[in-house]
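Have the structure open as you read.

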Amino acid sequence: MHTVHIMGLASRNAGGLFETVPGLAHALQDNGVLASTIGVSDSAFDADRHRWRCPIHALSPAPWTPKKLLYAPGMLDKLMAENADIVFCHGLWGYHNRVVLEWARLTQRPYVIVPHGMLDIVDLNKSRLK
């Protein structure tokens, strides 16, 4: 089985996701499950790359889009090329969520959304759009 973990930032700037996503991917890998990760690079990624024991594809964000969106051209193409059996979508409110929905539509394969506390009322109150 091949799992892909997709997230926004793939560095320490992702906060708690930078602790949990590599841990989950590595635990799966240590138990015989092929695991790789797709995320967005930033200024801290090169220094943090060593934390990823599984293959990590860190894409550059488009410079002309809002930084919070973390739009990374080529993310869907990279996910399609991975030929995953299942995708774990870590976090909410970013471009990677849209990528996973499109991947699922195209492949008819399952995905898991892992909100990591992002549905807390405090977070939801930050924006009516959310």
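Predicted model: local features only at pLDDT ≥ 70, side-chain atom pairs only at ≥ 80, totals over all residues.

Residues are numbered from 1 along each chain as its sequence is written, and side-chain values use heavy atoms, with hydrogens and water left out. Helices (H or I, at least four residues) and strands (E, at least two) are DSSP runs, numbered from the N terminus.

**Helix H1**
- Buried residues (under 20% relative accessible area, with exposed over 50% and partly exposed in between; 1.4 Å probe, protein chains only) in H1 are Leu17, Phe18, Val21, Pro22, Ala25 and His26.
- Seen down the axis of H1, these buried residues fall within an arc of 140 degrees (taken from the directions from the helix axis to the C-beta atoms), so they line one face of the helix.
- Just after H1, Gly32 has a positive phi of about 85 degrees.

**Helix H3**
- Met75, Leu79 and Glu82 are the buried residues of H3.
- They span an arc of only 55 degrees around the axis, which puts them on the same side of H3.
- Asp77 and Ala81 are exposed on the other side of H3.
- Just after H3, Asn83 takes a positive phi of about 50 degrees.

**H3 against H4**
- Residues of H3 that meet H4 (contact means heavy atoms within 4.5 Å) are Met75, Leu76, Leu79 and Met80.
- Their partners in H4 include Tyr95, Val99 and Trp103.
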